[in-house]
Amino acid sequence: TRNFVVFGTPGTVKNSISRFTQVGAGGFCAVIVDEAHGITPTIQAIINAMRDANPALRVLGLTGTPYRLGSGYIFRLWPEDDKGHTHANGDDVTRDPYFMQCAYRVSAREMLDGGFITPMQIGQINEAAYDTSEVVLLPNGTLNHDTVERAFEGHGRKTSRIIADVIEQSRTWPGGVMLFAATVRHAHEIMASLPPGNSVIVTGECGTAERRKAIKDYRDGNVRYIVSVGTL
């Protein structure tokens, strides 16, 4: 509240790193990393450079998913309990975590009770389902895109049955329906099974104006179905 805060992407900060490594009163005392489950070599290099300038640099991570596939929890110690005690994540649930301790956490139950997130209702999964048994992870913990494509794309009849089932199950639902696709091609295959004129699609290929219009139409109730892939 008393000093300047700089907001920037890792690439922008890296390209201007000399401005973040000043010593003394003109330097920085803390780094806050959003989406901290995605600590990259670039972010680590930035923090290391800033720490060289200020050994007392504090690093705080914010994330809604403090667990990474392939490496486990991103922190070693859990928050202290009412008696000031904490417990550590063992090597069976974390591997070389970047953060020492989780300072604060809020559970999904607390957010539900406080009305911050929407309660989940689980519907029936009927006869049609994708076979994801062959989807594999890469060494960095991300999904192998080729295996995702094979699991979700090119299954027109199966996709049409799944979408027909979604439409039927949501027939009495008063609000809109969001469908999350695995790939752009999968999203277009979903769109092909939705009612024309009552559906919109949002992908990374959409321009800003197109994306805003699609979301506004959905929020305003002008269309009932919105399909998203890696965007919403």
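The lining of the largest pocket divides into 19 nonpolar, 9 polar and 3 charged residues. Here Ala, Val, Leu, Ile, Met, Phe, Trp, Tyr, Cys and Pro count as nonpolar, Asp, Glu, Lys and Arg as charged, and the others, Gly among them, as polar.

Before you select anything, note that this is a predicted model, in which local features need pLDDT of at least 70, side-chain atom pairs count only at pLDDT 80 or more, and totals for chains, interfaces and linings use all residues. Residues are numbered from 1 along each chain as its sequence is written, and side-chain values use heavy atoms, with hydrogens and water left out.

**Stop 1: the largest pocket.** Its space comes to about 1,300 Å³. Select Gln 121, Gly 123, Val 166, Val 177 and Met 178: of the 31 lining residues, these are the closest to the centre. A pocket is an open set of points on a 1 Å grid over the protein atoms alone, where a 1.4 Å probe fits, with protein on both sides within 12 Å along at least five of seven lines; lining residues have an atom within 4 Å of a point. Volume is the space filled by probe spheres set on the points, which are joined across faces, edges and corners.

Now colour α5 (156-169), β7 (177-180) and α6 (184-191); each supplies at least two lining residues. α5 gives the most, with 6 residues. Helices (H or I, at least four residues) and strands (E, at least two) are DSSP runs, numbered from the N terminus.

**Stop 2: the second largest pocket.** The volume here is about 1,100 Å³. Select Val 6, Phe 28, Ala 30, Val 31 and Ile 32, which lie nearest the centre among 31 lining residues. Two or more residues come from each of α1 (10-15), β1 (30-34) and α2 (41-53). The lining has 20 nonpolar, 9 polar and 2 charged residues.

**Stop 3: Leu 138.** Go to the loop between α3 (108-113) and α4 (145-152). Leu 138 counts as partly exposed because its relative accessibility is 35%; the class runs between buried (under 20%) and exposed (over 50%), with a 1.4 Å probe and protein chains only. Leu 138 touches Leu 143 and Asn 144, leaving aside residues up to four places away in sequence. Contact means heavy atoms within 4.5 Å.

**Stop 4: Gly 70.** Leu 138 and Gly 70 are 68 residues apart in sequence, and 9.0 Å apart in space, C-alpha to C-alpha. Gly 70 sits in the loop between β3 (67-68) and β4 (72-73). At 53% relative accessibility, Gly 70 counts as exposed.

**Last stop: Cys 102.** From Gly 70, Cys 102 is 32 residues away in sequence and 19 Å away in space, C-alpha to C-alpha.
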